[in-house]
Amino acid sequence: MLKFKKKHSVASAPYRISLGGGGTDLPFYASKNEGFMISASIDEYITVMVAKRSLDKDIFLQYSETERVNSIDKVSHQIIRELLKYFKIYDSFQVATFSTMPTFTGLGASSTLIVAFIKSIRNLMGQTRTNIEIAEEAFHVEREILGLAGGYQDQYISSLGGIQIIKVSKDLKVACEPLVLGKKELKSLQESIFLIYTTIERRSENIIEDQKKKLKSDDKLVLDAYDQIKSIGIRAVSELTEGRIREFGIGMDDHWKIKKTISSSISSTNIDSMYEEIKSLGALGGKIIGAGGGGFFMMVVDKQRDLFKEKLVNNGYKVLDFKFEFNGAHVLK
C-alpha cells in the first residue's frame, strides 16, 4: 500500500464543450492531417473524494451505485478499478464520486472522472503535478490502459480549463494554447450559446468505432469531411476573437451537416427533427456535442435570446444554464 500524506483528498474537474474542429483530435485523422480544435470547459463538474480506510481492508466505492468488496478484482466499475490498480491500491481504500450531469451526455464524462481522480490521488500522496501532466496521465490511463476509444481534447480541456486551442500533430503530440477573448467578446459568446439536452444517452466509443469502419471502406469521404470541419474550426478563431457570432453560428450549422455524412450513428430521425425545430425557434445553427448520437445540442443564437429560451421551454426542451470555467481541475481539500 502506498503511503499517503493526508487522511483524505477531494478534487473537481469540469466538463467540456467543443467550439470548433470537433473530431479532428481522433488519432485516425490527426495522424494523417493533424488535428485542430477549440474546446472550452464549463461550470459543471465531477468531484472525487479518496481516502484510506483505517480499520478494515475493504474497497468501498460510492458513485451512482455502491460497492463494498474485499478484492480489487471484484470491483465492477471498470474505470475506478483500473485507476486503483494503476496507483497500486489493492485494499483499505474508499472512493466517492459526485457528478452534476447525467451519464453519457457527450460532455467528456469518462475523461473528466479520470482527471478528477488523478488530481485527488496525487494530492493525497502529497505529489505536485502540473495540469498538463495530469492531462497526459489521464490520457495514458483512458486510452492506453483502459483502451477506451476517443481523441485528445477531453483530458486536456478538463485539466487545463478555460477556452483552449488544442493542436494534435501527425506524430500525435498535443499542444494547447489559451484562446484569449476580450470581455465584450466573451460575454457575447457566453450569451449566444445554448446547451439543450436531448434526453438521449449514447456511448461515444460505439460511434467512434463505427467511423473507423467507415474509414476502411471510404477513407477519402471521412478524411475530406474532417478536413472541412477543421477549416471551420480554424475560421472560428477569428470569428470568436472578433465577436462575429453570426458567422460562428452559421459555421456550426455547416459543421453539423458535414459531420452527419461521416457515420449514420451520429444522428437519427429524432435528432434531425429536434435540430430543425430548434433552428426554427431562432437559432443560427449548432451541433450535437461530442461524438454524436445524443446528449446535448450546442446552439448559437445572435438575437432575441430570451425569446428563444422561452420558446425552447414552451416546447418542452431542457436548457442547461452554464458559464465558461477557467480553473480546470482543482483540489478542494
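Trainee: What is the strand order in the open sheet of four strands?

Mentor: The order is 9-10-8-11, and the pairing is antiparallel. Strand 9 (285-288) and strand 11 (318-320) are the edge strands, each pairing on one side only. On average, neighbouring strands of this sheet are turned by 30 degrees against each other, direction ignored.

Trainee: What counts as a strand, and when do two strands pair?

Mentor: Strands (E, at least two residues) and helices (H or I, at least four) are DSSP runs, numbered from the N terminus. Two strands pair if DSSP finds at least two bridges between them. This is a predicted model, in which local features need pLDDT of at least 70, side-chain atom pairs count only at pLDDT 80 or more, and totals for chains, interfaces and linings use all residues. Residues are numbered from 1 along each chain as its sequence is written, and side-chain values use heavy atoms, with hydrogens and water left out.

Trainee: How many bridges pair strand 8 with strand 10?

Mentor: Five bridges pair strand 8 (residues 193-197) with strand 10 (residues 296-300), in the antiparallel sense. Leu 195 has Met 298 of strand 10 as its bridge partner, and Phe 194 has Met 299. Strand 8 is also joined to strand 11 by three bridges, again antiparallel. There, Leu 195 stands opposite Leu 320.

Trainee: Why is strand 8 described as largely enclosed?

Mentor: Because five of its five residues are buried (under 20% relative accessible area, with exposed over 50% and partly exposed in between; 1.4 Å probe, protein chains only). Ile 193, Leu 195 and Tyr 197 point one way, while Phe 194 and Ile 196 point the other way.

Trainee: Which strands does helix 11 lie across?

Mentor: Helix 11 (residues 305-314) lies across strand 8 and strand 11, running at about 5 degrees to strand 8. Angles run from 0 to 180 degrees between N-to-C directions, and axes are lines fitted to C-alpha atoms, for helices over the stretch in contact. Contact means heavy atoms within 4.5 Å.

Trainee: New topic. At what angle do helix 8 and helix 9 pack?

Mentor: Helix 8 (residues 219-241) packs on helix 9 at about 170 degrees, with the axes 10 Å apart. The two helices are therefore roughly antiparallel. That label is for angles over 145 degrees; under 35 is roughly parallel, 65 to 115 roughly perpendicular and the rest oblique.

Trainee: Which residues meet there?

Mentor: Helix 8 brings residues including Ala 225, Ile 229 and Ile 232, and those in helix 9 include Phe 248, Gly 251 and Ile 258.

Trainee: What about strand 1, covered or open?

Mentor: Strand 1 (residues 8-20) is mostly covered, with twelve of its 13 residues buried. Eleven bridges join strand 1 to strand 2 (residues 35-52), and the two run antiparallel. Ser 9 stands opposite Val 50 in strand 2. Strand 1 also pairs with strand 12 (residues 330-331) over two bridges, in the antiparallel sense. Ala 11 stands opposite Val 331 in that pairing.

Trainee: Last one. Which element has the lowest mean pLDDT?

Mentor: Helix 7 (residues 204-217) has the lowest, at 52, and strand 6 (residues 163-168) the highest, at 98. pLDDT is the predictor's confidence in each residue, from 0 to 100. The protein averages 91, and 92% of the residues score at least 70.
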